[in-house]
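Subject: Structure for you to look at

Hello,

Here is the structure I said I would pass on. Please open it next to this message and follow along; my notes come after it.

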Amino acid sequence: MTKRHGYALLSAIIAVVVGLSAAIYVGAAADEGSTSTNALGKGGAPHNSAAPASTGIWVGSWSASPVGAEPGTETNGMAGLSVRNVVHASVGGTSARITLSNLYGQSALTITHASIAVAVASDTAAASTDTMRRLTFGGSTAVVIPAGRQVLSDAVRIVIPQDSDVLVTTYSPTRSGPVTYHPHARQLSYVAEGDLTEDVTGTGYTEQTPFWRYLTALDVLSNESDGTVVAFGDSLTDGITSTQGANHRWTDALSERLRTAIESGQDVPRYSVVNQGISGNQILANGLGRPADNQSGLGRFSRDALARTDVKVVIIDLGVNDILRNPRLADPNKILDGLRTLVRQAHARGIKVIGATLMPFQGHRGYTPAREAVRHQVNAEIRSGRVYDAVVDFDKALRDPYNPRKLRSDYDSGDHLHPSDKGYAQMAQVFDLKTLKGSAPAEL
């Protein structure tokens, strides 16, 4: 072989390796272990920043669990509409990528145009002009996501400030339903007729929606964070009674506390916080449908918690719905066995688990003394240290000191189950940030 032929062969090998690496990168995330990388034509050059490549690590800045199939979208999906999701970045970065899900779709979802931008202000569909970026998938501006799958976008250079609202917009020209959505966003998003994916004015986005559609994660390349904390829970984590658009869930308050502690030089980990709460979620029981709407904690834990980007710690606050929604009296041992199963799965991945005690609910329509007894049994075992690596005592922090079976009045949203904004803030306040330090023990 001549030297020139040898160089040619080496160049060909390098090209193949680079191509394979790019394909593997695009297919890095999955719903139920499967990710689509099936893209359509190039569709023009991406409108990406010419800024130099940045250093840092990929972490989760925002996420939301896919909950179910949106009613009324079974036939058309969002065909001919631009869907502009508004999400809040818990940590900033210099590049970004997103995950889109078609978990509950019964047919392939075709996205021909997608974008990301920083909102010009809160509560608006308008984007800061110089931040608008076109998203690509495996180098293409269009992608087909098979039913039951999800796709991870390519990284795009964009400065995402911490605590900013980010606009992620998708356009699909074809029918595809039903839409995979998260119904209790506590954040207004927007819809426009036609392809207004890269529109920065926001004027065409005349329809407001309380849902997040298709979008399940925003990752950033960050110098501000060394990993991700995942809050895994039910409506108490979803923040169903928090003020809409105010980012007053307890996870938002925890993120702010952690950032303040870091900036003041306290010895706490530099972590972002993402929210994987689903209202009505149970540890043991699924909702209806195939795939199940509101999948059980056991069923979704791997996808919604362990598969998030660079997870270091999972905080679990689940169990109240297993008590309240069980037509018979719930078995506390089954609830605890379910929680311990989640912990074992996390430990197998080297992830630390912090667990919350179950908060009181006297006054709620589902309350009975027998159900209260189950809650006490579960909490006693959690406090014993035989379930989690560490415990945050939300029960003690929010209960009425004169009647521990109910929430303190100023922490009660009024339904005697979910906290007020003040109650959510208190949940974050009692969290010991130092419990986030360290890794999973070799043996619990």
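Arg303 and Asp304 form a salt bridge, with 2.8 Å between the closest N and O atoms. A salt bridge here is a side-chain nitrogen of Lys or Arg within 4 Å of a carboxyl oxygen of Asp or Glu. Arg303 has a relative accessibility of 7% and counts as buried; Asp304 is buried too, at 1%. Buried means under 20% relative accessible area, exposed means over 50%, and partly exposed lies in between (1.4 Å probe, protein chains only).

Please keep in mind that this is a predicted model, in which local features need pLDDT of at least 70 and side-chain atom pairs count only at pLDDT 80 or more, while totals for chains, interfaces and linings use all residues. Residues are numbered from 1 along each chain as its sequence is written, and side-chain values use heavy atoms, leaving out hydrogens and water.

The whole structure holds 18 salt bridges. One of them joins Arg213 to Glu70, also with closest N and O atoms 2.8 Å apart. Arg213 is in strand β16 and Glu70 is in the loop between β3 and β4, so this pair ties together parts that are 143 residues apart in sequence. Helices (H or I, at least four residues) and strands (E, at least two) are DSSP runs, numbered from the N terminus. Arg213 is buried at 5% relative accessible area, and Glu70 is buried at 6%.

Another salt bridge connects Glu198 and Arg134, at 2.5 Å from N to O. Glu198 sits in the loop between β14 and β15, and Arg134 in strand β8, 64 residues apart. Arg134 is buried, with a relative accessible area of 12%.

Next, two helices. Helix α6 (residues 332-348) packs against helix α7 (residues 369-383) at an angle of about 40°, and their axes are 9 Å apart. The axes are lines fitted to C-alpha atoms, for helices over the stretch in contact, with angles running from 0 to 180 degrees between N-to-C directions. Contact means heavy atoms within 4.5 Å. On the α6 side the contact includes Leu336 and Arg340, and on the α7 side Val378 and Glu381.

For the chain overall, there are 9 helices and 24 strands. Of its 444 residues, 55% count as buried. Among contacts with a separation of 6 or more, 81% are between residues 24 or more positions apart.

Regards
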